[in-house]
Amino acid sequence: AAAQQFASKIAVPPISISPSPPPGGAMSAADVLAAAQATAAAIASSLPGVQAAARTTGPIGSSAAATAAAAPGGLKHYRLEFEINDFPQHARWKATHRESIAAIQEKSGAALTVRGQYFPPGSTPDSSRGERKLFLVIEGGSESVVKAARAEVKRVIEEATARGLISTRN
C-alpha cells in the first residue's frame, strides 16, 4: 500500500509539445553552429550562477511541466523537472546516484542533472533565497528522449521504493 502511495506521486502527465523540422529539411553549417551555441547557452543557464537569467526566459512552473525552447535552424531543446524530494531516502539516493544517472543517460540519450536540496516533511524551501526541493532536470533534443528518460527515472524510483519497503519488513 505504501509503495502504491509513493508510485502515485510519480504519475506525470504526457508532454504535448511537437518540434518543427528545420526549414527545407537540411541545415547549413551556420545553422548548426547557431544551434550548438544556443544549446551551450541553455546548459550554461542551468548552472547556479546564472539560474536567474534562465527564469526570465521561461521558467518551468511545475515538476510535471515540460518546455521546448526554439533554437536557430528549427531545433528544439526539451526540458522536464521531476521532483523527487518526497520519496523515501533509498529511492532518492538511487535516483541521484552517479551510476544510476549515467545508466539512464546512456539508455535514453537525455541529460540528467540533480538540482535543489532535500527538505524533510513539513519544512518548505525559502523561495526568496532561491531554495527549491530536490528534483531532477531532464533535458534532450526531442520529446521522445525526454519521455524515455522520465520513464526510466520513474522505474528506478518505483523499484527502489518497493525494495526499501520489502527490506523494512524483513
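This is a predicted model: local features need pLDDT of at least 70, side-chain atom pairs count only at pLDDT 80 or more; totals for chains, interfaces and linings use all residues.
The protein chain is built from six helices and four strands. Read from the N terminus, these elements follow the order α-α-α-β-β-α-α-β-β-α. Of the 170 residues in the chain, 28% are buried. The accessible surface of the chain amounts to about 9800 Å², and carbon and sulfur atoms account for 56% of that area. When contacts between residues at least 6 apart in sequence are considered, 65% of them link residues at least 24 apart.

The H77 side chain has a polar partner: a polar contact of 3.1 Å joins it to the side chain of E139.

The second residue, S108, belongs to helix 5, which covers residues 98–108. S108 has a relative accessible area of 13% and is therefore also counted as buried. Two backbone atoms lie within reach of the S108 side chain: the oxygen of I104 at 2.8 Å and the nitrogen of A110 at 3.2 Å. Beyond its neighbours within four places in sequence, S108 is in contact with V145, A148 and A149. A151 is 43 residues away from S108 along the chain, yet the C-alpha atoms of the two are 9.4 Å apart.

Definitions and conventions:
Residues are numbered from 1 along each chain as its sequence is written. Side-chain values use heavy atoms; hydrogens and water are left out. A polar contact is a pair of N or O atoms within 3.5 Å; within protein, one must be able to donate a hydrogen and the other to accept it, and residues adjacent in sequence count only if both atoms are side-chain atoms. Helices (H or I, at least four residues) and strands (E, at least two) are DSSP runs, numbered from the N terminus. Buried means under 20% relative accessible area, exposed over 50%, partly exposed in between (1.4 Å probe, protein chains only). Contact means heavy atoms within 4.5 Å. Accessible areas come from the Shrake-Rupley method with a 1.4 Å probe; for residues, only the protein chains shown count as cover.
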